[in-house]
Amino acid sequence: MDVRAVTLFLALLAVMSGSLVVLAVGSRLIGDRFLFLNLVEPLRLELIAAVATTAALGSLYLSEGAGFEPCRLCWAQRAAMYPLAVILIGAVIDKRFASGRIAASSWLANVVGLVSVVGLGIAVFHRYEQSQGGVGSLCDPAVPCAARWLNHFGFMTIPTMAAIGFATIAVFSLRARTEP
Amino acid sequence: MASQQRSQQRSATGGGGQAPSSEGNQKVLVALALGAVLVLAAVAFFVTRGDGNENDLVQPATVEIVGEALPAMPDVGPIADASNDSAVGTVAPTLIGTNFEGDEIRIEPDGRAKALYFVAHWCPHCQAEVPVVQGLINDGQKPETLDVYAISTAVDSTRGNFPPDVWLDSEEFTPQVLRDDSELTAYNSVGPAGFPFVVYLDADHQVVARSAGTLDAAQMQALWNAAAEG
């Protein structure tokens, strides 16, 4: 598989996911008048499970397939995203094939929301590290957190994609908690 | 209380308390989502098809080193000079390689002071440093007796801002550029400590100072002047 094709695919998925976040937030601000988002609402658990799973598998591909060595901040984001993927897949299975009580429980939305917000914070900090650099800032040739392994469209680096993934999960779990 | 109950009923991420949408609508939505993903995969495949590795053939090259490699730069902060670096005063190795056009570049004792910038195209700090270097040159701040070289190293076609020749061209970078090889032979010969890494040489090709990481224009100019003055 061509690494550039896969990373561009992941970047395009992130753009699509980011568009959903913008639509969701915008829709909320103007009173949920978008028909599309009303259609999405019943499937939001599946949506965020797909986002978390894609992010987790994508990060595994980037390190194990493409050979992009993860830095410490990458690992911190993985520590947030991997459990989210497992929890959300479990919740989808519960919703589809079991009682649905786990999927409907408030703790699920709370845990998912909290973990995704923490992950979002780490990803934003990582992106900041990539974009900043005062006097004396350098790239460690081994595993630099500031290095950009990839950069599509001039802004879509790995932590940018992670941030969009976390934001999608946070926003759609938040919508579940605050729906009027 | 009522609000709490309502919140609990629909607090799940879509799991409960939802007004059921028709199954038909959901199926259409899932089909649309899968279709969008397939379209994105196709776009990624066709956009990147054929732009693969032709650049890989012209980016890293072969480099010959003549002389002793410098010891590793001590961990003393961004600038190592005579006060804290045993490499200062020793003769730097001669680097012989080619530029992006394939012409030979020799960085050797030739009676002129030098500043050697080891830069990686994917490194954001190198990306920030190159315009500062070029800005000083454009402003006429470079000493007449000093030559600036860049060594394009750690080239990786899978990483951002590739290829390095396009990057440096886009910065209108005027100094000579030597291409390092895939083993980073040139980079490793100067005892580096990260990217960007700079070695300042006097007219006798002896090390005056080394720096790791970004410097501001004033620091850079001071080191250029120190190298030019020997």
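Me: What share of the contacts in chain B with a separation of 6 or more comes from residues 24 or more positions apart?

Reply: The model is a predicted one. In chain B, 75% of the contacts with a separation of 6 or more are between residues 24 or more positions apart, a contact being heavy atoms within 4.5 Å. For chain A the corresponding share is 79%.

Me: What secondary structure do chain A and chain B have?

Reply: Chain B comes to six helices and nine strands. Chain A has seven helices and zero strands, so its pattern along the sequence reads α-α-α-α-α-α-α, given that helices and strands are taken as DSSP runs.

Me: What makes the six strands of chain B an open sheet, and which are its edge strands?

Reply: The order is β2-β9-β8-β5-β6-β7 in chain B, with mixed pairing. The edge strands are β2(B), residues 79-80, and β7(B), residues 176-179, and each of them pairs on one side only.

Me: What joins β5(B) to β6(B)?

Reply: Seven bridges join these parallel strands, where at least two are required, and therefore they count as paired. Tyr117(B) stands opposite Ala150(B) of β6(B).

Me: Why is β5(B) called mostly covered?

Reply: Seven of the seven residues of β5(B) are buried, so each lies under 20% relative accessible area. Ala113(B), Ala115(B), Tyr117(B) and Val119(B) point one way, while Lys114(B), Leu116(B) and Phe118(B) point the other way. In a regular strand, side chains alternate between the two faces of the sheet.

Me: Why is Ser182(B) called exposed?

Reply: The relative accessible area of Ser182(B) is 55%; the term requires over 50%, so the residue qualifies. Ser182(B) is placed in the loop between β7(B) and α5(B). Its C-alpha is 7.4 Å from that of Val155(B), 27 residues apart in sequence.

Me: What is the volume of the largest pocket, and which residues are the closest to its centre?

Reply: The volume is about 1,200 Å³. Of the 45 lining residues, Leu13(A), Ser17(A), Ala50(A), Val51(A) and Thr54(A) are the closest to the centre. Elements giving two or more residues to the lining include α1(A), α7(A) and, from chain B, α2(B). The largest share, eleven residues, comes from α3(A).

Me: What classes of residue make up the lining of the largest pocket?

Reply: The lining has 33 nonpolar, eight polar and four charged residues. Among those closest to the centre are Leu13(A), Ala50(A) and Val51(A), and Leu, Ala and Val count as nonpolar.

Definitions and conventions: Residues numbered from 1 in each chain as written. Chains lettered and ligands numbered in written order. Predicted model: local features only at pLDDT ≥ 70, side-chain atom pairs only at ≥ 80, totals over all residues. Heavy atoms only, no water. Helix = DSSP H or I, 4+ residues; strand = E, 2+ residues; numbered from the N terminus. 1 Å grid on protein atoms, 1.4 Å probe; cavity = no way out; pocket = protein on both sides within 12 Å on 5 of 7 lines; lining within 4 Å. Points joined across faces, edges and corners; volume = space filled by probe spheres on them. Buried < 20%, exposed > 50% of the residue type's maximum accessible area, 1.4 Å probe, protein only.
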